[in-house]
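Please open the structure in your viewer and keep the selection panel at hand. The stops below go from whole domains down to single residues.

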Amino acid sequence: MEAKAIVVNHEKCTGCRRCELVCSVFHDGVSNPSKSRIKVEKWEWEGLYIPMTCRQCVDAPCLNVCPVKAIYRDEAEGRVHVDHDICIGCRSCVAVCPFGAMNFNPVEKKVFKCDLCHGDPQCVRFCDMKAVDFITPSRESLNKKRDAALKISEARKLGATIQYEGL
Amino acid sequence: MSLDRKVAIVDLTTGKIDIKPIPLEVRKQFLGGRGLAAYLLYKHSKPGCDPLSPDNAVIFSAGILGGMCASAGARTDVMTKNPLTGLLGSGNFGGFFAPELRWAGFDHIVVKGKAAKPVYIFVHDGEVEIKDAKNLWGKSVTEAQWAVREELGDPDVKCAVCGPAGENLVRYANVMSGIKNANGRSGGGCTMGSKNLKMIAARGTMDIKIAHPMEALEFDKRYIEQITSAKVNQTMGTLGTPFIWGATNSWGGVRTNNFEYNQLTYCDEIEPENIDEWSKKSIGSEYNMTGCFGCQVHCRAKYKIPDTPLARKWGVVGNYDEGPEYTSQGAFCGEPGCTHLDTLLIGNHLVDQYGVDNLEIGSTISWAMELYEHGILTSKDTDGIDLRFGNDDAVIEMVHHICKRDTKLGDILAEGGIKASEKIGKDSFKYLIHMKGMQNLHSDERATPALALNLALASRGSDHLRSRPAIDLYHLPVPVMRAIYSSPVAYDGPLSSDHTEYIGKPWQVVWHENCYMAVDMLGTCKYHTTFLGATLPNFEDWSKVLYYNVGLELSPKDIWDIAERGNMVERLFNIREGMKKDDPYKGEILAERYFTEPCKRGAPDVIGKTIDKNKFLEMRALFYKYKGLDENGVPTPESVKKYGLENLDKEPSRI
């Protein structure tokens, strides 16, 4: 069965950072965004907010770079996971992640990343806007097709001409 | 944990910084936020001080649930002796500052004294520094925030800022945060300006331990559903607070042309649906609402200023801002009698950038317009500005002149209504719609005795967010009202579903006063309690949310008593600073026009209405009785003792 993944629709994000709160409460029992696996990046002066979290990459740079093989693919839960018993804290994974999704806790001296909350990601559960969602990648592309089609449909209703520049 | 956050007491004259814990018994007396701030202001400001002197204090406070699992623990309270009124100045803003302050290890920053040159205070992970603000002084609200982030090399710094209006000592200057979070109605920005304090910048990475994390998460999920399932919040989440205008203006509850009328006509442009349409169009396909920390109501719209002659004249075409709120509709349209969307959006943007109270500046300009219409002010006084009602350009121009204090009239009006009336003379004072020296928001309460009583009794001056029983307008069945108003303390007196009635209203105002104080102590939002919706959480739910998050075991009645104590400290502060119940400047009495001028417009239950003075005084007397105050509104010795405040004056500050 196709594994679900966290999908970000930033245009739905209101920038409230509830995802950061519930992530740190669920994992660490504290309110502390610096311990959250997800972070909302903001451009306040234009009202733009983009939640950033781990994509659980198919060809994961963090997994590939780890010199002690502490990072492995957990197929059952559809995630890339860190085994802290093996991890030596070299932070190579932090350096190579293209999304900044691998974090380092300077107090506990451990890397940490999104573990999908064992199949029920709290960021998704608490985001009423569905700016972060937990669906299969196939469903994501189907949704995107539908959304794009809706825009074309609406544009047609308005009698607009769609210009396919460069195609 | 929540209880280990500290208080920093900063003396800008000496540069001394004291960091103190909050003793548990003080927590149990005042919780945090506005309640504890009232205690700190009482103890850390010099009695009878000039609000602009170093003897005044300005206090930045997070609520005890700030940044926690409590739907939206986002609110910051700023308290000071208000330069506008000489009484309690207290305001509340949303956004992200309070949680950041708590992650930095602090719940309260008390600032006293005066710096020799412009400074800002940087609070980070348990440390407090006073830093040079020479690169920030003179900058607008947003410019200053982006500049400090650049300077500190951290885009996640959150700020509470004094804008140019505060630097120029406009007496109703706000403290601002982010794009538009405004600590209105406090004069806090002016106090900051008088201390050469540009901002508090906060950045934190410290844990706030949740007492029972999994239970807190689960409870919060249900709590949020209770809040977001209310129709009023769903509407607010799409149209923002302007939706209120649609109801109140059509009914005749908005004061227009200062106080001449109570309904704005021919104003389709500023109806909520039209504002929403422009917001979407101006932002484009990625448009959505925004909001405060953790909040799923997201009541804040975004917009860019349209390309109009007025916007071109003032150089603000295409500028981004958020809102506008219901109050800006009143301040820039209802009160001055203007009907254009661009005036509303530009006015809203300017107050956000200058850091000034939209309600006070709108009311002040509208009052000046009425004086101009009556010939009390002439074009000689206005430097040729045609201050007639409905002159959009004049309103915008006066916003600039007041905030910059660069014309004679702008400079006078920046002093606030009462001081300006002394300078303008004639009978200008009688046109001023104020209580305790603060002008009223744009709502008209002549048809709603409960709301009028709230205005007169609000601790910070004419205001709706201290005790307004807004649900009184919903004509709720008496059994429903009984269920709300008989908990957590018994009440078996009269209640009436009729908003034009006087009976039962004093108790409603008492109840809401404690309800809103409790919300402000928790640091959550009034839209998440019994303010605009009857089904929203209150004391019962807070008892649980406090237990799961903080670990404090307090019954609903305990929270009520703590809120009552907070309100009593605010009252004692006002009495200390000269409040007397019938004083036309500093009293708990409506502006005379409420009693003498009938509403000229509106629905049948509004038109022709005035407030009956005798009945009003009876309501006030009953309110005093319910609150354990004597006939002059002063807490009786028994009440003072009951709330453990008998040593308030004598004891050294416990923090």
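Into which domains is chain B divided? Colour residues 2-203 as domain 1, 230-439 as domain 2 and 449-642 as domain 3. Bear in mind throughout that the model is predicted.

**Stop 1**

Select strands E1 to E6 of chain B. These six strands make an open sheet of mixed pairing, and its order reads E2-E1-E6-E3-E4-E5. Strand E2 (16-21) and strand E5 (88-93) of chain B are at the edges with a single partner strand each, so each has one side without a neighbour in the sheet. From one strand to the next, the twist averages 15°.

To find one residue pair, pick Ser61(B): its bridge partner in E6(B) is His108(B).

**Stop 2**

Move on to strands E7 to E12 of chain B. Here an open sheet of six strands, again with mixed pairing, runs in the order E8-E7-E12-E9-E10-E11. Its edge strands, E8 (127-132) and E11 (181-183) of chain B, each pair on one side only. The twist in this sheet averages 20° from one strand to the next.

Within it, select strand E7 (residues 119-124) and strand E12 (residues 197-203) of chain B, which pair in the parallel sense over six bridges.

**Stop 3: helix H9**

Select residues 243-251 of chain B, which form helix H9. Which of its residues are buried? They are Phe243(B), Ile244(B), Trp245(B), Thr248(B) and Asn249(B). Just past the end of H9(B), Gly252(B) has a positive phi of about 100°.

**Stop 4: where domains 2 and 3 touch**

Zoom out to show domain 2 and domain 3 of chain B, whose C-alpha centres are 27 Å apart. Domain 2 of chain B puts 24 residues into the contact, and domain 3 of chain B puts in 26. On the domain 2 side, H8, strand E16 (434-435) and strand E17 (438-439) of chain B each supply at least two residues. H8(B) gives the most to that side, with three residues. By type, the residues on the domain 2 side are 14 nonpolar, eight polar and two charged.

Key
Residues are numbered from 1 along each chain as its sequence is written. Chains are lettered from A and ligands numbered from 1 in the order in which they are written. This is a predicted model: local features need pLDDT of at least 70, side-chain atom pairs count only at pLDDT 80 or more; totals for chains, interfaces and linings use all residues. A residue is buried if 20 or more other C-beta atoms lie within 10 Å of its own, exposed if 12 or fewer, and partly exposed in between; C-beta atoms are placed from the backbone. Helices (H or I, at least four residues) and strands (E, at least two) are DSSP runs, numbered from the N terminus. Domain bounds come from an automatic or database domain assignment. Two residues are in contact if their C-beta atoms, placed from the backbone, lie within 7 Å. Ala, Val, Leu, Ile, Met, Phe, Trp, Tyr, Cys and Pro count as nonpolar, Asp, Glu, Lys and Arg as charged, and the others, Gly among them, as polar. Two strands pair if DSSP finds at least two bridges between them. Axes are lines fitted to C-alpha atoms, for helices over the stretch in contact, and angles run from 0 to 180 degrees between N-to-C directions.
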